[in-house]
Amino acid sequence: MGLRKRVTEQQSRVQEAPPSSPYKERRERPEFNSTIEINGETHTFTNYSSQHEEIEQVVNELKSLVEKMKQDGAPESLFEEDVLYHSEKLALAYGLMKTISGFPLIISKSMPTCKNCHEFFNYVSKLLNRRIVLTDPHCFHSFSEGECNCNGVCI
């Protein structure tokens, strides 16, 4: 199946944010997900959803990370509201919550990553001195010290 057909099929599945969601203003979004395995358990995050049992803590961790990035002088473009809660960023925040410093994080995503998330992961890898691996259907991204092995070719 070609990428265009997969994108169309996934975009046709629309998810409504639950009333308790921190993303109330976003009522319809395509359902894309990212997964991260921690201690043998797979955790799935979907764009703009609150289905994970620890979503409030995950959102708070992501907000805390954003504050650290702002204090460090990260570009404002990394914090655009429309992309701030992408599934891979939620998975990243969960991984940061549940692992010790320096532990590499491995995240799988169901769609190719966007440019904003790619730049976000580059910045976080340098800021926190963490290796982050992000796989999507078309690329293997290995972020370390503010660089990605794909050199931006995959975005």
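Does C114 count as buried, partly exposed or exposed, and what is the relative accessibility that puts C114 in that class? At 23% relative accessibility C114 is partly exposed, where buried means under 20% relative accessible area, exposed means over 50%, and partly exposed lies in between (1.4 Å probe, protein chains only).

The structure is a predicted model, in which local features need pLDDT of at least 70 and side-chain atom pairs count only at pLDDT 80 or more, while totals for chains, interfaces and linings use all residues. Residues are numbered from 1 along each chain as its sequence is written, and side-chain values use heavy atoms, with hydrogens and water left out.

**Overall architecture**

The protein chain contains five helices and eight strands, helices (H or I, at least four residues) and strands (E, at least two) being DSSP runs numbered from the N terminus. Along the sequence these elements follow the pattern α-β-β-β-β-α-α-α-β-α-β-β-β. Of the 155 residues in the protein chain, 45% count as buried. Among contacts (heavy atoms within 4.5 Å) between residues at least 6 apart in sequence, 61% join residues at least 24 apart.

**The cysteines**

A search of the whole structure finds one disulfide, a disulfide being a pair of cysteine sulfur atoms within 2.5 Å. The disulfide joins C139 to C154, with an S to S distance of 2.1 Å, and the link is right-handed, with 65° about the S-S bond. The pair connects distant parts of the chain, since C139 lies in strand β7 (residues 139–144) and C154 in the segment after β8 (147–148), 15 residues apart.

C114, by contrast, is in no disulfide, and its nearest cysteine sulfur is that of C117, 3.5 Å away. The sulfur of C117 has that of C114 as its closest cysteine sulfur, and because the two are 3.5 Å apart they are too far for a bond.

| Cysteine | Relative accessibility | Class |
|---|---|---|
| C114 | 23% | partly exposed |
| C117 | 0% | buried |
| C139 | 12% | buried |
| C154 | 30% | partly exposed |

C114 is placed in the loop between β5 (105–109) and α5. Leaving aside residues up to four places away in sequence, C114 touches H86, E88 and I155.

Helix α5 (residues 115–127) has 13 residues and reaches 18 Å from its first C-alpha to its last, close to the 18 Å expected at 1.5 Å a residue, where the expected span is 1.5 Å times one less than the number of residues. The buried residues of α5 are N116, C117, H118, F120, F121, N122, Y123, V124 and S125. Just after α5, N129 takes a positive phi of about 50°.

Two packed helices are described by the angle between their axes and the distance between the axes. The axes of helix α4 (residues 87–98) and α5 come within 10 Å and cross at roughly 20°, the axes being lines fitted to C-alpha atoms, for helices over the stretch in contact, with angles running from 0 to 180 degrees between N-to-C directions. The crossing angle therefore makes α4 roughly parallel to α5, as angles under 35 degrees count as roughly parallel, over 145 as roughly antiparallel, 65 to 115 as roughly perpendicular and the rest as oblique. On the α4 side E88, K89 and L92 meet N116, C117, F120, F121 and V124 of α5. By class, this contact has five nonpolar, one polar and two charged residues, with Ala, Val, Leu, Ile, Met, Phe, Trp, Tyr, Cys and Pro counted as nonpolar, Asp, Glu, Lys and Arg as charged, and the others, Gly among them, as polar.
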